[in-house]
Amino acid sequence: MVKLGNKWDEILKDEFEKEYYLKIREFLKYEYSHFRVFPDMFDIYNSLKLADYDDIKVVIIGQDPYHEIGQAHGLSFSVKPGIAIPPSLKNIYKELHDDLGCYIPNNGFLEKWAKQGVLLLNNVLTVREGQANSHKECGWETFTDSVIRELNKSDKTVVYLFWGSCAAKKELLVTNPKHYILKAPHPSPLSAHRGFFGCKHFSKANNILVQNGLTPIDWQIENI
């Protein structure tokens with residue numbers, strides 16, 4: 001039984017009993033026992049544990065977890081302290097610097113964002129070592145779609161930052177007129193120059209939050 005320790009437990013309790021989710025559980029039992037899988041099984045739901053339903057202001061969707069040792073810990077784009085900053089996150093930091101003047105930190109640990117109400121949700125929540133997208137279509141997409149559908153019901157303003165085609169697929173799930181969608185290419189080095197750089201999503205998101213009576217996000221990640 002999954003225990004998130006906040007309002008998500010009640011909201012998702014029926015989801016955790018559905019047939020597709022029970023199949024995910026069986027799939028993961030096999031994967032974790034036969035392969036090295038990331039993140040650690042106790043970190044899979046960190047995005048939901050750290051960002052309670054009523055606290056969420058911003059949503060950032062990633063594809064699937066980083067697939068090398070020590071990187072993934074359940075938050076999209078984030079890596080643990082002491083781990084080299086991945087290329088996409090370097091580009092996120094560059095845009096933050098250009099947009100809001102944030103200095104480039106020496107780490108990629110984004111837990112500070114999550115604790116302020118930024119849901120750092122991957123589309124797929126697990127991956128085999130060294131095999132990007134290896135858990136694609138095992139059922140996680142259905143689960144994370146359900147998370148977005150539930151969040152869509154919130155009466156409080158939520159800003160969705162959809163970067164790249166994988167994240168944009170969830171756009172149709174956001175129908176609440178109180179919510180906002182900002183789209184840009186993925187921050188990967190392969191696509192960031194096509195419009196991620198210069199998108200100013202961080203200042204735009206904060207402006208939307210302030211206009212709707214909410215506290216803006218402090219996007220600066222401190223050095224460790």
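User: How are helices and their axes defined here?

Analyst: Helices (H or I, at least four residues) and strands (E, at least two) are DSSP runs, numbered from the N terminus. Axes are lines fitted to C-alpha atoms, for helices over the stretch in contact, and angles run from 0 to 180 degrees between N-to-C directions. This is a predicted model, in which local features need pLDDT of at least 70, side-chain atom pairs count only at pLDDT 80 or more, and totals for chains, interfaces and linings use all residues. Residues are numbered from 1 along each chain as its sequence is written, and side-chain values use heavy atoms, with hydrogens and water left out.

User: Why are helix 4 and helix 8 called oblique to each other?

Analyst: The axes of helix 4 (residues 87-100) and helix 8 (residues 201-211) cross at roughly 60 degrees and come within 8 Å. Angles under 35 degrees count as roughly parallel, over 145 as roughly antiparallel, 65 to 115 as roughly perpendicular and the rest as oblique. The pair is therefore oblique. Contact (heavy atoms within 4.5 Å) is made by Ile92, Glu95, Leu96, Asp99 and Leu100 of helix 4 with His201, Phe202, Ser203 and Asn206 of helix 8.

User: What makes Asn206 count as buried?

Analyst: Buried means under 20% relative accessible area, exposed over 50%, and partly exposed in between (1.4 Å probe, protein chains only). Asn206 has 11% relative accessibility, and therefore counts as buried. Leaving aside neighbours within four places in sequence, Asn206 is in contact with Leu100, Pro216, Ile217 and Trp219.

User: How do you know that the side chain of Asn206 makes a polar contact with the side chain of Trp219?

Analyst: A polar contact is a pair of N or O atoms within 3.5 Å; within protein, one must be able to donate a hydrogen and the other to accept it, and residues adjacent in sequence count only if both atoms are side-chain atoms. The contact between the side chains of Asn206 and Trp219 is listed at 3.4 Å.

User: Why is Met41 called partly exposed?

Analyst: Met41 has 45% relative accessibility, and so counts as partly exposed. Met41 is placed in the loop between strand 1 (37-38) and helix 3 (46-50).
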